[in-house]
Amino acid sequence: MDAGAVEDGRAGHPAEVGGELGDNHRRENGTVAAGGGRSHAPGFGANKNDTLLVVATLITALTYQLGTNIPGGYWQDDGAGDGGHAAGDPIMRDKHRRRYWLFMAASWAGFGSSMLLTLALLTGVPPRSRAVQWPFLVSYSSLVLTFVTSQSGTSLTMDVLIWAAVMAVLAVGIKYRRLDRLRFLFCPPAP
């Protein structure tokens, strides 16, 4: 072992040490060993729990923020003349009732499913499990639905169609786990 490896902390690291321990480390990390071995296969299951946990935490924070800061804001005063709203009521609920309830349902679904995703990842459920993949699908697509419903200039039908398209793309991505297998959709095959 060289002195430089000891000084800069590389000594004893499984990837630096030869033999079975180093080979196991290379196999676990998906790197190719010099004499062959397994190559890295990208996909949803290749993500580590800590990476998905960061994503789940960000989705939880975003959906919480969306639920507490509704687009359009809140009424600042009690309005007896125009519908009898009270101070602190959401303006969106009074002006665009159906859009408000779709927005809130998407926000609640995103918050709840991201909490389930976080709990699953903290308890060690593997990323390839449906208990991780489906809450990810619901929470991520719920963010899309909350965004498109917050835009009051679009029709609700179009908003739901956009959300359904995002759900379909995510479901295909999770099902195949490797988007490079879907290369024919993006690049025509060579003749």
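What pLDDT does the protein average, and what percentage of the residues score at least 70? Then, which residues of α3 and α6 make the contact?

Modeller: The protein averages a pLDDT of 74, and 65% of the residues score at least 70; pLDDT is the predictor's confidence in each residue, from 0 to 100. This is a predicted model, in which local features need pLDDT of at least 70 and side-chain atom pairs count only at 80 or more, whereas totals for chains, interfaces and linings use all residues. Numbering starts from 1 along each chain as its sequence is written, and side-chain values use heavy atoms, without hydrogens or water.

Among the elements, helix α5 has the highest mean pLDDT (91) and helix α2 (residues 20-29) the lowest (45); helices are DSSP runs of H or I, at least four residues, numbered from the N terminus. Over residues 1-41 the pLDDT is below 50. Where pLDDT is low, the predicted coordinates should not be read in detail.

As for the packing, helix α3 (residues 49-68) meets helix α6 (residues 130-150) at an angle of about 35°, with axes 11 Å apart. Axes are lines fitted to C-alpha atoms over the stretch in contact, and angles run from 0 to 180 degrees between N-to-C directions. From α3 the contact (heavy atoms within 4.5 Å) draws on Leu52, Val55, Ile59, Leu62, Thr63 and Leu66; α6 supplies Val132, Phe136, Ser139, Tyr140, Leu143 and Thr146. Nine of these residues are nonpolar, three polar and none charged, with Ala, Val, Leu, Ile, Met, Phe, Trp, Tyr, Cys and Pro counted as nonpolar, Asp, Glu, Lys and Arg as charged, and the others, Gly among them, as polar.

Definitions and conventions
Helix = DSSP H or I, 4+ residues; strand = E, 2+ residues; numbered from the N terminus.
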